[in-house]
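Keep the sequence and the 3D view open while you read.

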Amino acid sequence: MLRFPRFLPLSKCVFASLCLGSAWLVLTPGSALGQSAVLAADSFNRKIHVASQANDKRAVGGLAKIATAMVTLDWAEASKAGVNILATVPAYAPQIAGSNTLGLQPGDRLTLRDLIYATMMTADDIAAITLGDFVGRDHLQRLQRGGEPMNEFVRQMNQLAVREGATNTRFTNPHGFENTRTAPYSTAADMTRLGLYAISRPALRFYTNQRSRDITVYRPAGQVSLPLNNTNQLLGVSSIDGIKYTSTPRSGGCIVVTAERPASVTKQPDGSSLIYRHRMVVTVVGSANPAAEAHALLQQSWAAYDRWLAAGRPITDKRQLLNHF
């Protein structure tokens, strides 16, 4: 039986000891999963509650699709084009994809909405490429610039990462598979930052919290309905409602999960009520069993969070906050 490591909450004394070195360590010698990189932070304080090797630059596989979905949703909102517009699978998509689990073909047309579902719920890379091609092409046209649509889209992905403080991240394609000359990379901390940005947009959770869904593909011979099954096996467990599971040969198992607990309501002296919400984001990179590890980490993170709340939410070092980590 695999035993999962007991990651240390960042209490005052543990935080002080961890900061003595350049790495954030978990004292789990000999653990089968000791090499995975993890970070857990609550979304409303951005306080780090669990961390191990969280700033190590690693392959993160399809977690890059979180950025792909968010760039697309941001474009849909800024352009006012929405997500019901149809995009065409480009002819070059099969040549640069890592996987084509849905059997999409060049010339197939899908709505951006269905492409986002396919990108986030499954491991299909053609859907992510189609989003990148469509949004990148439109962006270049609006800027009245020449260039390759995919390069423009990846530039937008990296700009999003920098904007959210994910400065140890470099995306090279919209699907995350490591088949480009320059290998993409990120960190558990950076993917948590992008996960926090993603869940700040209710629309994204709508795409990631469904176990199954049918999408429509428009072909010359007629429309086809394709079933999607979410690869995130933790959906619905311990209130988990997203975000993304992936596994590639280089990255191993990677997952970003999020869960919300009921809000706390405190009556104020003036009769008003103060509502305090509780949501946790957990990232695991390079795990032999990412789902089990993420679930265990979520429970440990909530326990550390509760102790922190009971102590009055102290911050003894700004590096306990993700913005300064």
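Serine 43 counts as buried, because its relative accessibility is 17% and the cut-off is under 20%. The model is a predicted one. Serine 43 sits in the loop between β1 (37-42) and β2 (48-52). Leaving out residues up to four places away in sequence, serine 43 touches Leu196, Ile199 and Arg279.

**Threonine 258**

The C-alpha atoms of serine 43 and threonine 258 are 9.2 Å apart, although 215 residues separate the two along the chain. Threonine 258 belongs to strand β8 (residues 252-267). Is threonine 258 buried or exposed? Threonine 258 is buried, at 0% relative accessibility. The side chain of threonine 258 reaches the backbone oxygen of methionine 280 at 3.0 Å. Neighbours within four places in sequence aside, the contacts of threonine 258 include Ile199, Arg279, Met280 and Val281. Ser239, Ile240, Asp241, Gly242 and Ile243 are also among them.

Most residues other than glycine have a negative phi, and most peptide bonds are trans. The peptide bond from glycine 242 to isoleucine 243 is cis, with omega near 15°. Isoleucine 243 is in strand β7 (residues 240-248). Serine 238 lies in the loop between β6 (222-229) and β7. Its phi is positive, near 55°. Serine 239 lies in the loop between β6 and β7. Serine 239 has a positive phi of about 70°. Serine 238 is partly exposed, with a relative accessible area of 33%. Serine 239 is partly exposed, at 46%.

**Helix α4**

Nine of the ten residues of α4 are buried, so the helix is largely enclosed by the rest of the structure. The buried residues include Leu112, Asp114, Leu115, Ile116 and Tyr117. Ala118, Thr119, Met120 and Met121 are buried in α4 too.

Leucine 115 is part of helix α4. Its relative accessibility is 0%, so leucine 115 counts as buried. Which residues does leucine 115 contact, leaving aside its neighbours within four places in sequence? They are Ala87, Leu110, Ala127, Thr130 and Leu131. The C-alpha atoms of leucine 115 and alanine 127 are separated by 5.3 Å, with the two residues twelve apart along the chain.

**Aromatic rings and charges**

The count of aromatic pairs comes to six. In one of them, the rings of tyrosine 117 and phenylalanine 206 have centres 6.4 Å apart and planes at 55°, so the pair is tilted. This pair links distant parts of the chain: tyrosine 117 is in helix α4 (residues 112-121) and phenylalanine 206 in helix α8 (residues 202-208), 89 residues apart. Tyrosine 117 is buried, with a relative accessible area of 0%. Phenylalanine 206 is partly exposed, at 48% relative accessibility. Tyr117, Phe206 and Tyr207 form one aromatic cluster.

The table lists two cases.

| Charged residue | Ring | Distance to ring centre |
|---|---|---|
| Lysine 47 | Tryptophan 308 | 5.5 Å |
| Arginine 163 | Tyrosine 197 | 4.9 Å |

**Nonpolar cores**

Which residues touch the most other members of the largest nonpolar core? Leu39 and Leu104 do, in a core of 67 residues. Helix α2 (residues 64-79) gives the largest share of this core, nine residues. A second, separate core has 19 residues, including Val50, Leu234, Leu297 and Leu298.

Look next at leucine 39. Residues up to four places away in sequence aside, leucine 39 touches Ile48, Val50, Ala51 and Ala54, among others. Its contacts also include Ala188, Ala189, Thr192, Val281, Val282, Thr283, Leu322 and Phe325. Val50, touched by leucine 39, is a member of the second core. Val281 is touched by leucine 39 and by threonine 258.

**The whole chain**

The protein chain has nine helices and nine strands. Of its 325 residues, 54% count as buried. Among contacts with a separation of 6 or more, 64% join residues 24 or more positions apart. The accessible surface comes to about 14,400 Å², and carbon and sulfur atoms account for 52% of that surface.

Notes. Residues are numbered from 1 along each chain as its sequence is written. This is a predicted model: local features need pLDDT of at least 70, side-chain atom pairs count only at pLDDT 80 or more; totals for chains, interfaces and linings use all residues. Side-chain values use heavy atoms; hydrogens and water are left out. A nonpolar core is a set of buried Ala, Val, Leu, Ile, Met, Phe, Trp, Tyr and Cys residues joined through side-chain atoms within 4.5 Å. Buried means under 20% relative accessible area, exposed over 50%, partly exposed in between (1.4 Å probe, protein chains only). Helices (H or I, at least four residues) and strands (E, at least two) are DSSP runs, numbered from the N terminus. Contact means heavy atoms within 4.5 Å. Rings of Phe, Tyr and Trp (its six-membered ring) pair if their centres lie within 6.5 Å; planes under 30 degrees apart count as stacked, over 60 as edge-to-face and the rest as tilted. A charge sits over a ring if NZ of Lys or CZ of Arg is within 6 Å of the ring centre and within 35 degrees of the ring normal. Accessible areas come from the Shrake-Rupley method with a 1.4 Å probe; for residues, only the protein chains shown count as cover. A polar contact is a pair of N or O atoms within 3.5 Å; within protein, one must be able to donate a hydrogen and the other to accept it, and residues adjacent in sequence count only if both atoms are side-chain atoms.
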